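Hi,

Here is the structure I said I'd pass along.

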Amino acid sequence: MKRCPTCQRTYTDDTLRFCLQDGAPLITETQGSAAVPDPEATVVSEARPGSRSEGPPPTELFNPRGAQTIAIPASSQTAPPQSYPPEMQERREAAPAARPRNTVMVVVVTVVGTILILSLGALGLFAFLKNRGDAERARVVNTEDNRPANNSNAPANNTTNNSNRANANANANTRPSPTPSLIPTPSPVDAAVVASQVTSTLNGWAAATTARDINAHMSYYADTLDTYYNAKSISSYKVRTDRERAFNTYSSMDVQLSNIRVTPDPGGQSAIATFDKTWTFEGDKYSNGSVQQLVTLTKQGGRWRITGEKDLQVYYVNKER
């Protein structure tokens, strides 16, 4: 064991030569013997303990070759990680893995809750609408039942009420439709009557042309024609312009119709007529010819008026005498 004579620090390492605190040469101490200075330590000058010196304290030379580095224990070393019991360690390791499962569970619960809320809302709306429809049907039925009726018509009224109730129950979720008995049924069209009326109209139209009476001739036309030869949606003013030009060009005009065939529509308000038209016009110019023509007519104000006119086939046209 060695001791520093200056600071009295002791060292158990026999290989140490100088004090690690102040650099003084260490003294070897043995049991039962006096302290012996280390012979390998070189001292330039030393002062006795307790003596005064006029000059500065003696300088001691430190031999670095003989010094040994001693590892100072790390008192501030980081404490080792705290250990946990096995069951707690398993919980800590399993905790991170549990979080995704918890997140998925929250999402699933949220989606299911949303669907449940929407389903309840839809059921509530359906029940509200159904109750409202039942109340409306009950009101209608009560109104029908409370209507006064004669004794002679009682069976017929009961039959009608039962029929209305059956229709109301069958169409609970649909918009009520009018009673079939209240819908006017169109009377069947008499094709022969329509054909006679249309034929009379066409003959009057041709006779007005032969008479060169522009006003009478134009009275057979509607205000607007859907078809006028190759044109569409033509005003009757255009037809009048064409007819006036012809009436001014020819001093004699003869128009004859034959093979008239009339096809009425199911409502009896319009018809299609096909016929052969032959004409002879004389005057400043000459024109003679024959065509197959189609005319559409619509009943307006109780009269048949022409709403379309075009040629289907040209048989012949002669412009020379």
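This is a predicted model: local features need pLDDT of at least 70, side-chain atom pairs count only at pLDDT 80 or more; totals for chains, interfaces and linings use all residues.

H5 itself runs over residues 236-249, and its 14 residues reach 20 Å from first C-alpha to last, close to the 20 Å expected at 1.5 Å a residue. Its buried residues are Ser236, Val239, Asp242, Arg243 and Phe247. They cover an arc of only 135° around the axis, so they sit on the same side of H5. Tyr237 and Asn248, on the other side of H5, are exposed.

Now the aromatics: the count comes to 4 pairs. Tyr228 and Tyr229 are edge-to-face, because their planes are at 80°, over the 60 cut-off, with ring centres 5.0 Å apart. Tyr228 is buried at 8% relative accessible area, while Tyr229 is partly exposed at 28%. Tyr250 and Phe281 make a tilted pair, 5.2 Å centre to centre with 45° between the planes. That pair links distant parts of the chain, with Tyr250 in strand S7 and Phe281 in strand S8 (residues 270-283), 31 residues apart. Both Tyr250 and Phe281 are buried, and together with Trp279 they form one aromatic cluster.

Two side chains to finish. Arg303 lies over the face of Tyr220, 5.8 Å from the ring centre. Lys2, in strand S1 (residues 2-3), counts as buried at 5% relative accessibility, and its side chain reaches the backbone oxygen of Leu16 at 2.7 Å.

Cheers

Technical notes
Residues are numbered from 1 along each chain as its sequence is written. Side-chain values use heavy atoms; hydrogens and water are left out. Helices (H or I, at least four residues) and strands (E, at least two) are DSSP runs, numbered from the N terminus. Buried means under 20% relative accessible area, exposed over 50%, partly exposed in between (1.4 Å probe, protein chains only). A polar contact is a pair of N or O atoms within 3.5 Å; within protein, one must be able to donate a hydrogen and the other to accept it, and residues adjacent in sequence count only if both atoms are side-chain atoms. The expected span of a helix is 1.5 Å times one less than its number of residues. The arc is that of the directions from the helix axis to the C-beta atoms. Rings of Phe, Tyr and Trp (its six-membered ring) pair if their centres lie within 6.5 Å; planes under 30 degrees apart count as stacked, over 60 as edge-to-face and the rest as tilted. A charge sits over a ring if NZ of Lys or CZ of Arg is within 6 Å of the ring centre and within 35 degrees of the ring normal.
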